[in-house]
Amino acid sequence: MNRIYELLNLHIGEEDKNKVKEDVQSNISFKGANLWILACAILIASIGLNVNSTAVIIGAMLISPLMGPIVGSGFALATYDFTLLKRSTKNLFIATLAGLVVSCLYFYLSPFKEVESEILARTSPTIYDVLIAFFGGVVGAISITRIEKGNPIPGVAIATALMPPLCTAGFGLATLNFKFLAGALYLYSINCFFIALSTFLVLKYLKYKPIQTQNPALDKKVRLTITVLMSLLILPSFYLAYNLLQEKRYTQNVNTFIQKEFQLKGKTIIYKNVNFRSNPKRIELAFLTEKYDSLQIKEFNNKLADFGLENTTLVVRQNNSDLKQEILSEINKNQLNVTEKDLQIQQLKTQIEQKKIGDATTEREIKSLFPSIRYVYFGVIQHYSDSLKAKPIVIYHSEQEIDENLLYNWLKIKLKSDNLALIKE
C-alpha cells in the first residue's frame, strides 16, 4: 500500500504554495505584452479556421494566454480569495470580449466566409468536450503546482482548445449566424468552467489553505459566499454533463434504428433531421423512392421504444414538392458562397475567351471560301501606345493569289474586330 501511495502521491515534487500563487497571479492580467499576444493568437486561430488548417489552429492554442484567468478563478475558489476571484473573472471577461471583437473584425473583412470543417467542429458541444476540458484542467492544475513544470503545459493548451470556439463565435457574429455564435460560446463556456472546476478540485486535494485576514467575520462571509457560488456552479455542471451524455446516447440509438430498419434493407435516405430538444423528440426522414402509408409509419413509431427512443416521434417526409423546395433552397444558399478563387478562375476564363479569335471551324470556313489556302494561324499581339492594347493577327499561306481584301473584310465580320492584321506567309 505504501508503494502505491508513493506512486500516486501528488505532494512529491510539489512547488511552494506561495510561489504557485505568485505564478498564478502573474498570468491573470491582460495588459501590455499579454494583450498583444492574445490579439495575435486570436488572429492566427481565425486564419487557421478560415483556411481550414489544423496546424495553424494548434499554433494559436500554444501561444494563447487564455488559461491564466481561468486557472486563477479555480485557484481563488479553492483558497477563498475573493479579491483574486474578482480580478480573474474581470480579466477573463476582457479576454473573451477582445477575442470576439478581433475575430469578428477579421471574418468581417475576410473575403472567405465558407463554413469549413474546423469551424463546424466548434459549434456542437458533446460529452467528450466536457471530459477533455475537465481532465485537461486536471493536468494543467497539477503542472502549475510542480517544481518542474515539464511538457504537459503545451499539451494542456492544445487539448482544452479555448481559442478555436471563441474565434468561431466571432465568425458567427461576423456572418450573423447566431446558431454558430451560440454553439461556439456554449463550447467555450464549457471549457472555461470545467478547467476552473478541475483546478479547484486539485488544489483542494493538495490542501491549499484559505486566506486569512484580521477580520474573522469577513473571512466567514467570504467563505460562505464562495461556497454558495461554487455550489451554484457545480450543480449545473452535473446536469450539463448528464444532458450531453444523454444526447450522445440518443444520437447513437437513432443511428442504430435507421441502420437496422432502413439502410440494411436497401432504403436510400436523402434527408435526416433529429431534434433532441423538442418535446416529444422528433426524427424526420425522407427517402429517395420509398413511400409509406400511415399504418407503416405507425408501426415504425411503435418500434422506437425497442431502440431506447422513448418520447420520440418519427415523421416521414413524403411531400415531394415541399422537400424539393427545401433542397433547392439549400443549393441556392451554397451557390451564393462563391469564393474569391472561383471568381478569379471565371475572370481568367473570360480573358481567354476574349483573346481567342479563331478555331478549327473558322479555319475550315476560310478554306472552303479560298480553296488555295493550305493553313491559317490565329493569334493576338500586344503593343503599347498610351496603354496596353491587344491586336488580333491572322497569318495564312496560299498556293495561289487570292482576293485579300475580300478575306480581310470577311475576317473583320467573323472575328468582330476592326483592328485586325492579315499577313500572307
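Predicted model: local features only at pLDDT ≥ 70, side-chain atom pairs only at ≥ 80, totals over all residues.

1. The protein chain contains 17 helices and six strands. It has 425 residues, and 38% of them count as buried. The accessible surface of the chain is about 25000 Å², with 59% of that belonging to carbon and sulfur atoms. Taking contacts between residues at least 6 apart in sequence, 71% join residues at least 24 apart.

2. The nonpolar cores. The largest nonpolar core has 54 residues, and Leu 66, Leu 162 and Met 163 have the most contacts inside it. Helix 11 (residues 178-205) gives the most to this core, with 10 residues. Another core, of 17 residues, lies apart from it; Tyr 250, Phe 276, Ile 297 and Leu 309 are among its members.

3. Surroundings of Leu 66. Which residues does Leu 66 contact once its neighbours within four places in sequence are left aside? They are Phe 30, Leu 38, Ala 95, Leu 162, Met 163, Leu 166 and Tyr 188. Two of these, Leu 162 and Met 163, were named above with Leu 66 for their contacts inside the core.

4. Helix 10. This helix (residues 163-174) has 12 residues, so at 1.5 Å a residue it should span 16 Å; its end C-alpha atoms are 17 Å apart, which agrees. Helix 10 is mostly covered, as 11 of its 12 residues are buried. The buried residues include Met 163, Pro 164, Pro 165, Gly 170 and Gly 172. Packing against the buried residues of helix 10 are helix 3 (33-50), helix 4 (54-63), helix 6 (82-109), helix 7 (117-120) and helix 11. Just after helix 10, Leu 176 takes a positive phi of about 60 degrees.

5. Salt bridges within helices. The structure holds 13 salt bridges. In one of them the side chains of Lys 19 and Asp 23 meet at 3.1 Å, N to O. These two residues are four apart in helix 2 (residues 17-26), so about one helical turn separates them. Lys 19 counts as partly exposed because its relative accessibility is 35%, and Asp 23 counts as partly exposed at 22%. Lys 367 is partly exposed, with a relative accessible area of 29%.

6. A salt bridge between separate elements. The side chains of Asp 81 and Lys 21 meet in a salt bridge at 3.4 Å, N to O. Asp 81 lies in the loop between helix 5 (67-79) and helix 6, while Lys 21 is in helix 2, so the pair ties together parts that are 60 residues apart in sequence.

7. A charged network. Salt bridges link Glu 261, Lys 265 and Lys 303 in a network.

8. Aromatic pairs. The structure holds 14 aromatic pairs. One of them, Tyr 106 with Phe 107, is edge-to-face, with 5.2 Å centre to centre and 75 degrees between the planes. Phe 107 is buried, with a relative accessible area of 0%. Elsewhere, ring pairs link Phe 257, Phe 262, Phe 287, Tyr 292, Phe 300 and Phe 307 into a cluster.

9. Backbone items to look at. A cis peptide bond, with omega about 0 degrees, joins Asn 279 and Pro 280. Pro 280 is in the loop between strand 1 (269-275) and strand 2 (281-287). Tyr 80, a residue other than glycine, has a positive phi near 55 degrees. Tyr 80 lies in the loop between helix 5 and helix 6 and counts as buried at 17% relative accessibility. Asn 311 is not a glycine either, yet has a positive phi of about 55 degrees. Its place is in the loop between helix 13 (294-303) and strand 3 (312-316), and Asn 311 is partly exposed, with a relative accessible area of 44%.

Notes: Residues numbered from 1 in each chain as written. Heavy atoms only, no water. Core = buried A, V, L, I, M, F, W, Y, C linked by side-chain atoms within 4.5 Å. Buried < 20%, exposed > 50% of the residue type's maximum accessible area, 1.4 Å probe, protein only. Contact = heavy atoms within 4.5 Å. Areas by Shrake-Rupley, 256 points an atom, 1.4 Å probe, with all protein chains shown as cover. Expected span 1.5 Å × (residues − 1). Salt bridge = Lys/Arg side-chain N within 4 Å of Asp/Glu carboxyl O. Phe/Tyr/Trp six-rings, centres within 6.5 Å; stacked < 30°, edge-to-face > 60°.
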